[in-house]
Amino acid sequence: MPAIQVNTGKGCHLDAQMVHDAAHRLDLSNDSLLFIENVGNLVCPASFDLGERHKVAVLSVTEGEDKPLKYPHMFAASSLMIINKIDLLPYLDFDIEQCIAYARQVNPGIQVIALSASSGEGMDLWLEWLEAQRCA
């Protein structure tokens, strides 16, 4: 898949103009799916509308289940939370149910998928969610 790196300079987040300019450099059709990875902390990206249909928060189990409470704006703004790296759960003190409860405390409507890219567990649910959003 084609990818474009957008340099934010000294900023901590992307803005809509940066995404607009980058999107024009891609060959996008009406049924294309565009992923915008806004890396960095979980504070700045939640505050800026990039023209996206959905925000997806990816939370690694190595980060701790308290992140939805520590960064409520990101999880309140997200349609979906992916709890990633679940294959590491046997080696960590991470309570998935507590994490989901914290996320729903700040966003009662947030959907949740537990996923492991290594084992593939949950990948079918992620792909189904993407397809449902694309067809919506």
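**View 1. A nonpolar patch on the surface is formed by Leu28, Leu34 and Ile36.** Together these three residues have about 220 Å² of accessible area. Patches are made of residues with over 30% relative accessible area and no salt bridge; like charges are joined within 9 Å, and nonpolar side chains (Val, Leu, Ile, Met, Phe, Trp, Tyr) within 5 Å. A salt bridge is a side-chain nitrogen of Lys or Arg within 4 Å of a carboxyl oxygen of Asp or Glu. Accessible areas come from the Shrake-Rupley method with a 1.4 Å probe, and for residues only the protein chains shown count as cover. Leu28 sits in the loop between helix H1 (16-23) and S1. Helices (H or I, at least four residues) and strands (E, at least two) are DSSP runs, numbered from the N terminus. Leu28 counts as partly exposed because its relative accessibility is 38%. Buried means under 20% relative accessible area, exposed over 50%, and partly exposed in between (1.4 Å probe, protein chains only).

This is a predicted model: local features need pLDDT of at least 70, side-chain atom pairs count only at pLDDT 80 or more, and totals for chains, interfaces and linings use all residues. Residues are numbered from 1 along each chain as its sequence is written, and side-chain values use heavy atoms, with hydrogens and water left out.

**View 2. Helix H5 spans residues 123-135.** H5 has 13 residues. From its first C-alpha to its last, H5 reaches 18 Å, close to the 18 Å expected at 1.5 Å a residue. The expected span is 1.5 Å times one less than the number of residues. Trp126, Trp129, Leu130 and Gln133 are the buried residues of H5. They lie on the same side of H5, because they cover an arc of only 95° around the axis. The arc is that of the directions from the helix axis to the C-beta atoms. On the other side of H5, Leu127 and Cys135 are exposed. The cover over the buried residues includes strands S1 (56-60), S2 (80-84) and S3 (111-115).

View 3. Glu131 is partly exposed, with a relative accessible area of 37%. Arg134 is also partly exposed, at 38%.

**View 4. Lys55 pairs with Glu52, and Lys67 with Asp66, in salt bridges.** Side chains of opposite charge can pair when their charged atoms come close. For Lys55 and Glu52, the closest N and O atoms are 2.2 Å apart. Lys55 is buried, at 13% relative accessibility. Glu52 is partly exposed, at 24%. For Lys67 and Asp66, the closest N and O atoms are 2.9 Å apart. Lys67 is buried, at 13% relative accessibility. Asp66 is partly exposed, with a relative accessible area of 36%. The count of salt bridges comes to three.

**View 5. Ser78 lies in the loop between helix H3 (72-77) and S2.** Ser78 counts as buried because its relative accessible area is 3%. Ser78 touches Lys55, Val56, Ala57, Asn107 and Ile110, not counting residues up to four places away in sequence. Contact means heavy atoms within 4.5 Å.

**View 6. Asp21 is placed in helix H1.** Asp21 is partly exposed, with a relative accessible area of 41%. Phe94 is 73 residues from Asp21 along the chain, and their C-alpha atoms are separated by 40 Å.
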